[in-house]
Amino acid sequence: MKYFSPEFRPSKPTTKATKRPNSKDEQNLQSKCYRWFKNTYPQEYGRMWMQYNNPKSQQAGFYLKAQGMVAGVSDLAFIRKDGKMVFIEMKTETGRVSDEQKWWGELIKSCEAEYHIIRTFEEFQELIKKHI
């Protein structure tokens with residue numbers, strides 16, 4: 001499968017690992033969306049979760065990669081009642097999708113799962129209502 005071949009998968013980061021100026025805005029959007037989901041659909045708790053992919057240090061990143069962390073993985077995952085997966089990448093209106101995130105999105109789509117880039121709270125609500 002071409003998605004797992006060395007020429008397709010990024011072997012090292014293609015963008016410099018620096019803190020983005022809008023990372024807090026993305027975190028706030030993700031928090032708002034998750035809280036809305038949890039409060040609106042309390043009976044569905046556990047069907048959506050955060051995928052930790054932002055180590056606090058280079059050393060923590062080394063250990064997390066050894067445990068299976070993959071660069072580019074989406075921020076949230078959601079399992080539909082039919083068992084299909086929906087992966088959600090949170091971005092602000094001006095947030096850029098990294099090369100690793102593009103690779104991950106293509107990989108997910110090749111597995112017939114859904115991958116969405118969500119930029120607003122309203123987009124998130126619409127997506128979840130479609131899948132609940």
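## Close-up views of a predicted chain

**Figure 1. The chain as a whole.** Of the 132 residues of the chain, 41% count as buried, where buried means under 20% relative accessible area, exposed means over 50%, and partly exposed lies in between (1.4 Å probe, protein chains only). The model is predicted, and for that reason local features need pLDDT of at least 70 and side-chain atom pairs count only at pLDDT 80 or more, while totals for chains, interfaces and linings use all residues. Residues are numbered from 1 along each chain as its sequence is written, and side-chain values use heavy atoms, with hydrogens and water left out. The chain holds four helices and four strands, which follow the order α-β-α-β-β-α-β-α from the N terminus on; helices (H or I, at least four residues) and strands (E, at least two) are DSSP runs, numbered from the N terminus.

**Figure 2. The surroundings of Val 73.** Val 73 sits in the loop between helix H2 (58–66) and strand S2 (76–79), and it counts as buried because its relative accessibility is 14%. When its neighbours within four places in sequence are left aside, Val 73 is in contact with Gln 51, Asn 53, Glu 89 and Trp 104, contact meaning heavy atoms within 4.5 Å. From C-alpha to C-alpha, Val 73 and Lys 102 are 9.5 Å apart in space, although 29 residues separate them in sequence.

**Figure 3. The salt bridge of Glu 26 and Lys 91.** The structure holds six salt bridges, each being a side-chain nitrogen of Lys or Arg within 4 Å of a carboxyl oxygen of Asp or Glu. In one of them, Glu 26 pairs with Lys 91, and the closest N and O atoms are 4.0 Å apart. This pair links distant parts of the chain, with Glu 26 in helix H1 (residues 23–40) and Lys 91 in the loop between strand S3 (85–90) and H3, 65 residues apart. Both Glu 26 and Lys 91 are buried.

**Figure 4. The salt bridge of Glu 44 and Lys 81.** The side chains of Glu 44 and Lys 81 form a salt bridge at 3.4 Å, N to O. Glu 44 lies in the loop between H1 and strand S1 (48–50) and Lys 81 in the loop between S2 and S3, so the pair ties together parts that are 37 residues apart in sequence. Glu 44 is buried, with a relative accessible area of 7%, whereas Lys 81 is exposed, with a relative accessible area of 65%.

**Figure 5. The salt bridge of Asp 82 and Arg 80.** Here the side chains of Asp 82 and Arg 80 meet in a salt bridge of 2.5 Å, N to O. Asp 82 is partly exposed, since its relative accessible area is 49%, while Arg 80 counts as buried at 19% relative accessibility.

**Figure 6. The backbone at Glu 112.** Glu 112 lies in the loop between helix H3 (99–110) and strand S4 (114–118), and it has a positive phi of about 65° although it is not a glycine. Most residues other than glycine have a negative phi. Glu 112 is exposed, with a relative accessible area of 67%.
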